[in-house]
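Please prepare a short briefing on the strand pairing and the aromatic contacts of the structure shown here.

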Amino acid sequence: MITKPVFDYLKKLEQNNNREWFTENKPEFKEHQVSVKKLAENVMQNLNKHDEIEKMKVFRIYRDVRFSKDKTPYKAHFSISFSRLGAKLRGGYYLQIKPGDSFLATGFWDPAPADLLRIRKEFELDSSEIREVIENDDFKNVWGEVVGDSVKTSPKGFDKADPNIDLIKRKQFIFIKKFTDKQVLSKNFISDIDIAYQSIRPFFDLMSSILTTNLNGESLID
């Protein structure tokens, strides 16, 4: 479970985002980092009951400020990612813990150019299956609408008048579910995470099928 002291620490870090304060309070950070890692391990165990996870990553608290206008050295949140296994299972899961801004994210953040072209070609040919998934009421009650970047008009080689252009012009396919602080601190939080992650599977299953076959439905992997 995430406890209130974790949130209290993150709030103090946001107000005192400097190396002196962090160094002085690093023992407390280490304690909370352990609890977050335990949470991540429990989430991964649940995921592996209905999915296959190749890698779990608890992100470092240190910010890369080399190319950022914001020079504060630390993130005022904890974040975790879970990568699905191998070429057959596409997509990934993300979790952020932050007072007032905790959320799950899932989907495709940065598809490789070849994958993005394959997705667009599929939607140009037929969008009925993807629309059936993302427009399902039960799905939308958990994840809402697909979000992420799109090109302004149409990608090169695609007709801007295509009836599926709303999907074709997307560069990202991301879904986000937000949690209140009360929900994060609840004993049900780990279960709530897993229920949400399970509900994304129809989307992942379809996208994995698209990305492992050609437009004729023939497998591209062994």
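**Strand pairing and aromatic contacts**

Strand β2 (residues 78-84) pairs with β3 in the antiparallel sense over six bridges, where two strands pair if DSSP finds at least two bridges between them; helices (H or I, at least four residues) and strands (E, at least two) are DSSP runs, numbered from the N terminus. The model is predicted, so that local features need pLDDT of at least 70 and side-chain atom pairs count only at pLDDT 80 or more, while totals for chains, interfaces and linings use all residues. Residues are numbered from 1 along each chain as its sequence is written, and side-chain values use heavy atoms, with hydrogens and water left out.

- Six of the six residues of strand β3 (residues 92-97) are buried, so the strand is largely enclosed by the rest of the structure; buried means under 20% relative accessible area, exposed over 50%, and partly exposed in between (1.4 Å probe, protein chains only).
- In a regular strand the side chains alternate between the two faces of the sheet. In β3, G92, Y94 and Q96 point one way and Y93, L95 and I97 the other way, and all are buried.
- β3 is also joined by five bridges to strand β4 (residues 102-108), with the two running antiparallel.
- Q96 of β3 stands opposite S79, and in β4 its bridge partner is F103.
- The hairpin of β3 and β4 has four residues between the strands, and G100 takes a positive phi near 80° there.

**Aromatic pairs**

- Rings of Phe, Tyr and Trp (its six-membered ring) pair if their centres lie within 6.5 Å, with planes under 30 degrees apart counted as stacked, over 60 as edge-to-face and the rest as tilted; by this rule the count comes to 18 aromatic pairs.
- The rings of F108 and F203 have their centres 5.9 Å apart and their planes at 70°, so this pair is edge-to-face. Because F108 lies in strand β4 and F203 in helix α10 (residues 201-211), the pair ties together parts that are 95 residues apart in sequence. Both F108 and F203 are buried.
- For F123 and F173, the ring centres are 6.0 Å apart and the planes at 75°, so this pair is also edge-to-face. F123 belongs to helix α4 (residues 113-125) and F173 to strand β5 (residues 173-179), so the pair ties together parts that are 50 residues apart in sequence.
- F123 counts as buried at 1% relative accessibility, as does F173 at 3%.
- Ring pairs link Y9, W21, F22, F29, Y62, Y74 and F78 into a cluster.
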